[in-house]
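Thanks, everyone. Let me walk you through one model, chain by chain and then across the contact between chains.

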Amino acid sequence: MSNSKLYKGSLNTIILKLLDEQGKMYGYEITQKVKLLTKGELKITEGALYPALHKLEAEGLLDVEVAKVDNRLRKYYKLTEQGEKETVNRLAELEEFIRSMQNLVNPDWSIN
Amino acid sequence: MKLDKDQIIFIDTYLKNSDISFIDIRMEMLDHIASEVENKMKNENLSFYEAFKSYMVVNKKKHLILYKKIVRNTDKKLVLQILKILGKPLTILILILILCFIILKLASFYFDISLVLKFFPFICLVGLGSYYYITTLLLGKNKRFSGIERISFVLIAFMQIHQFFYNPFYKNIIETTNLNLNIMAFSFSITMMIIIIQIIKKYKLEYTDLYKNMTA
């Protein structure tokens, strides 16, 4: 992942947001989708992605199903009901964080 | 360009020979690697072997590190699961019931609990070993699942602590002759075994349901 320190804290939220939009996804698909959406700027490595997916699954935010696709088994991840609620909370937190960062980087010096 | 069955078996065998033993982890890695290889074959116009070799030369180490990381996370998850179950009211009730049973029934017949405690690890390892063997036989021969097999790590850690207090062959580091303490240790050990069996059963159900399509 490029600029890994900056993105690291947001990885779980990125995964939750993608699953919220796409319904169900598998590991490789998530890495490709992120790469596509960020025009190659953000590359999620498998070393970061799979432990994050397993952690979210253990927390009860993701559910898994296995299907046979193209001669192999594929593990799909999807949001649980709890995961859907958590996605809303985490996205709100992330938006708040982005706003605060924007205020810090580009402060408005005008006196109202 | 999709890989055929023989090419998938080739990758699976390669991963198995690289000590990626647990099938639940290997299956997900295999899908990731196969997708990367398919992508390489399409984008760089390579044959299967060229694409596979080119991908693994760069990424094999990363996958081995990832495997170890996932196994470590499984251990942590199992320890947390045991602690969570130990804190449940039902577990505490079972512990109290076992405790009462021993105090009321066995202790009244001058049953030597310290002797049972000394051989408890041996009895449990043989018992749980047989249970694990039967469980894996039912799941499929030679298929090792991380959640079921890594519980042995937790079990051995618990047995080591047990051996610290009760060792039948060496002089005890801590002499435990207190009957009440022995009864409590015995009850706790039995409760732990019940928890471990419950976790193995839970994972067996989970794996049977998830990997029912598994043929390779």
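Start with chain A. Along the sequence, the pattern reads α-α-β-α-α-β-β-α. That makes 5 helices and 3 strands. Keep in mind that this is a predicted model.

Now the overall dimensions. The C-alpha atoms of chain A fill a box of roughly 65 × 30 × 20 Å along the principal axes. Chain A has 112 residues, and 27% of them count as buried. Take the contacts in chain A with a separation of 6 or more: 52% of those join residues 24 or more positions apart.

Next, one helix in detail: H4 of chain A, residues 46-58.

Which residues of H4(A) are buried? They are Glu46(A), Leu49(A), Tyr50(A), Leu53(A), His54(A) and Leu56(A). Look down the helix axis. These buried residues fall within an arc of 160°, so they line one face of H4(A).

Just after H4(A) comes Gly60(A), with a positive phi of about 85°.

That brings us to the contact between the chains. Here, 23 residues of chain B are in contact with 18 residues of chain A. On the chain B side, helix H1 (5-17), H2 and helix H3 (48-86) each supply at least two residues. By class, that side has 11 nonpolar, 4 polar and 8 charged residues.

Last, the core. The largest nonpolar core holds 49 residues. Those touching the most other members are Ile15(A), Leu53(A), Ile11(B), Leu30(B), Ala34(B) and Val37(B). Helix H2 of chain B, residues 23-44, gives the largest share, 9 residues. Domain 1 (5-72) and domain 2 (87-210) of chain B both contribute, so the core lies between them.

One link back to our helix. Leaving out residues up to four places away in sequence, Ile15(A) touches Ile30(A), Ala52(A), Leu53(A) and Leu56(A). Among these, Leu53(A) and Leu56(A) are buried residues of H4(A).

Definitions and conventions:
Residues numbered from 1 in each chain as written. Chains lettered and ligands numbered in written order. Predicted model: local features only at pLDDT ≥ 70, side-chain atom pairs only at ≥ 80, totals over all residues. Core = buried A, V, L, I, M, F, W, Y, C linked by C-beta atoms within 7 Å. Buried ≥ 20, exposed ≤ 12 C-beta atoms within 10 Å, placed from the backbone. Helix = DSSP H or I, 4+ residues; strand = E, 2+ residues; numbered from the N terminus. Domains from an automatic or database assignment. Contact = placed C-beta atoms within 7 Å. Nonpolar A, V, L, I, M, F, W, Y, C, P; charged D, E, K, R; others polar. Expected span 1.5 Å × (residues − 1). Arc of directions from axis to C-beta.
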